[in-house]
Amino acid sequence: WKERMREIYEGMFERLDHLHCTLVNRIVLGNRIFDHESVIFEKNGQPLEVVAIYVVKDDLIVEVRFVRKNR
């Protein structure tokens, strides 16, 4: 899973040199973590509200999904 996440996100982090994420709120419910985030993708860009949902097993993230507000 770790390698798959690296494949998915590594290129994004290299391309988006102004990427900035602020944690607004976190809810932990069992082995799931729900992070409400404010994300800016471009310099001077407007923040986008996102919820990241992490599933954790043995203290490692084994799944992640993102839900964003429709524009």
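I began with a definition: the bend at a residue is the angle between axes fitted to the seven residues ending there and the seven starting there. The model I looked at is predicted, so I note that local features need pLDDT of at least 70 and side-chain atom pairs count only at pLDDT 80 or more, while totals for chains, interfaces and linings use all residues. Residues are numbered from 1 along each chain as its sequence is written, and side-chain values use heavy atoms, with hydrogens and water left out.

**Helix**

I found a kink of about 35° in α1, centred on Y9; helices here are DSSP runs of H or I with at least four residues, strands are runs of E with at least two, and both are numbered from the N terminus. I then checked the length of α1: its 14 residues at 1.5 Å a residue should span 20 Å, and this agrees with its end C-alpha atoms, which are 20 Å apart (the expected span is 1.5 Å times one less than the number of residues).

**Sheet**

I followed an open sheet of 4 strands in the order β1-β2-β3-β4, with antiparallel pairing, where two strands pair if DSSP finds at least two bridges between them. The edge strands, each pairing on one side only, are β1 (20-29) and β4 (60-68). Between β2 (residues 32-40) and β3 (residues 48-57) I noted 8 bridges in the antiparallel sense, and R32 stands opposite V55 in β3.

**Lining of the largest pocket**

I saw that α1 (2-15), β2, β3 and β4 each supply at least two residues of this lining.
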